[in-house]
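Subject: Structure handover

Hello,

Here is the structure we talked about, with my notes below it. Please read them with the model open.

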Amino acid sequence: MASRGLGRTWPNPAVGCVLVKDGQVVARGWTQPGGRPHAEVDALARAGDAARGATAYVTLEPCSHWGRTPPCCDALVRAGVARVVVAMRDPDTRVDGRGFQRLREAGVEVEEGVLEAEARRFQEGFLRRVTLGLPLVTLKLAGTLDGRIATARGESRWITGPAARREAHAARARHDVMLVGSGTVLADDPDLTIRDLGLPNIPRVLFDARLRTPLGARLVTTARETPTWIVTRTGHRPDRLAPYLEAGVEIIQAPMQPGGGLEPRAALGALAQRGVTRVFCEGGASLAGALLGAGLVQRVMWFHAPAVMGGDGLPAVAAFGVDALASMPRYRRVATRVLGPDLLSEFEEEP
């Protein structure tokens, strides 16, 4: 149930709730777009009087504070739910055990920690934003068997086939925002929309320290239709920013790193401050190298086509200072799928 909200509930976590009574599911709910109503309230509304005496199975500890919506633990008590089974505690300082306490004080039986490891993996983006001030980053790469993403002349459409591209679009929809570097915009002038799936677009984010993005780029000219954010260095003159703002682009400023380019941790932190929990990074090679070199990539989706380009092709990841095997970022494979002629391998950061 929670997965139905991925990419559409931020800054709230995507939560699921299932109400069971006398061995039968009486209602299901999940966090709705924009983060409200919450999963518990959604399920209770669907259940009506059938919620009385039921057990609520919930992904995350029910909230105990007033925000945009009243506390979910109070809604569960009012509905007469007898038992609440929760996968994990909410580390948000406004909750963090208070929801469990209020339920128990009202006479509701509470069991926590059921399938907690699975829940923590699912909620990793929300957990990182709350505890570290950073979003989860998924790096998507699409290239040949030898790791090339374009010819020396920049030709890249299309290395992978339609099934792989469709899966990439579906993955976009499961994240809060998409991220690319300015080099990708200059080379490809992408739309960065979600096509052929009937799903809404998500904000497009561009890391562009020097504001190289042309005002005629698709990301700029369509900014009023699909939100576009440009993260750039501090200190630009107002008249330099004005044309982007007039086009509907949101400008976010972040510091530079000593060697040039945006400081990646600070830039991602600026996104987290806006409530972003899950980032889908689509390159290019320089941005991929910067994020990997800073240890900021938690997941990798590697689409590889059954083809070899050789050393003339452009690598998927730019150099980022690895001079020993021990210093390489390492990941563990968690899934592999065949997509037409191509293969998708999914990896997660080793703990």
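Predicted model: local features only at pLDDT ≥ 70, side-chain atom pairs only at ≥ 80, totals over all residues.

Valine 205 is buried, because its relative accessibility of 0% is under the 20% cut-off.

Valine 205 sits in strand β9. Setting aside neighbours within four places in sequence, valine 205 is in contact with Val177, Met178, Leu179, Val180, Trp229, Val231 and Leu271. The C-alpha atoms of valine 205 and cysteine 281 are 9.1 Å apart, although 76 residues separate the two along the chain.

Valine 205 also belongs to the largest nonpolar core, which has 31 residues. Those with the most contacts inside this core are Leu179, Val205, Phe207, Val231, Leu268, Leu271 and Leu291. There is a second, separate core of 28 residues, and Cys17, Ala27, Leu103 and Ala119 are among them.

Strand β8

β8 has β9 as one partner: the two strands are parallel and paired over 4 bridges. In that pairing, methionine 178 stands opposite arginine 204 of β9. Between β8 and β9 the chain passes through helix α7 (residues 182-188), and this β-α-β crossover is right-handed. β8 is also joined to β12, again in parallel, by 3 bridges. Here valine 177 is found opposite valine 279 of β12.

Threonine 277

The loop between α10 (264-273) and β12 (278-281) holds threonine 277. Is threonine 277 buried or exposed? Threonine 277 counts as buried, because its relative accessibility is 5% and the cut-off for buried is under 20%. Apart from neighbours within four places in sequence, the contacts of threonine 277 are Trp10, Pro11, Gly125, Phe126, Arg129, Pro135, Leu136 and Asp176.

The aromatic pair

Trp10 turns up again here. The structure holds 1 aromatic pair. Tryptophan 10 and tryptophan 229 make up this pair, which is edge-to-face, with 6.1 Å from centre to centre and 75° between the planes. The pair links distant parts of the chain, with tryptophan 10 in the segment before β1 (16-21) and tryptophan 229 in strand β10 (residues 228-233), 219 residues apart. Tryptophan 229 has 8% relative accessibility and therefore counts as buried. Tryptophan 229 is also one of the contacts of valine 205 listed above.

Salt bridges

The count of salt bridges comes to 20.

Arginine 121 forms a salt bridge with glutamate 348, and the closest N and O atoms are 2.3 Å apart. Arginine 121 is in helix α4 (residues 116-122) and glutamate 348 is in strand β16 (residues 342-349), so this pair ties together parts that are 227 residues apart in sequence.

Arginine 332 counts as partly exposed, at 39% relative accessibility.

Arginine 337 forms a salt bridge with glutamate 167, with 3.2 Å between the closest N and O atoms. Arginine 337 lies in strand β15 (residues 331-339) and glutamate 167 in helix α6 (residues 162-173), so the pair ties together parts that are 170 residues apart in sequence. Arginine 337 is partly exposed at 32% relative accessibility, while glutamate 167 is buried, with a relative accessible area of 13%. Both residues belong to a network of salt bridges that links Glu167, Arg174, Arg337 and Glu346.

That is the end of my notes.

Regards

Note on methods:
Residues numbered from 1 in each chain as written. Heavy atoms only, no water. Core = buried A, V, L, I, M, F, W, Y, C linked by side-chain atoms within 4.5 Å. Buried < 20%, exposed > 50% of the residue type's maximum accessible area, 1.4 Å probe, protein only. Contact = heavy atoms within 4.5 Å. Pairing = 2+ DSSP bridges. Right-handed = clockwise from strand over helix to strand, strands pointing away. Salt bridge = Lys/Arg side-chain N within 4 Å of Asp/Glu carboxyl O. Phe/Tyr/Trp six-rings, centres within 6.5 Å; stacked < 30°, edge-to-face > 60°.
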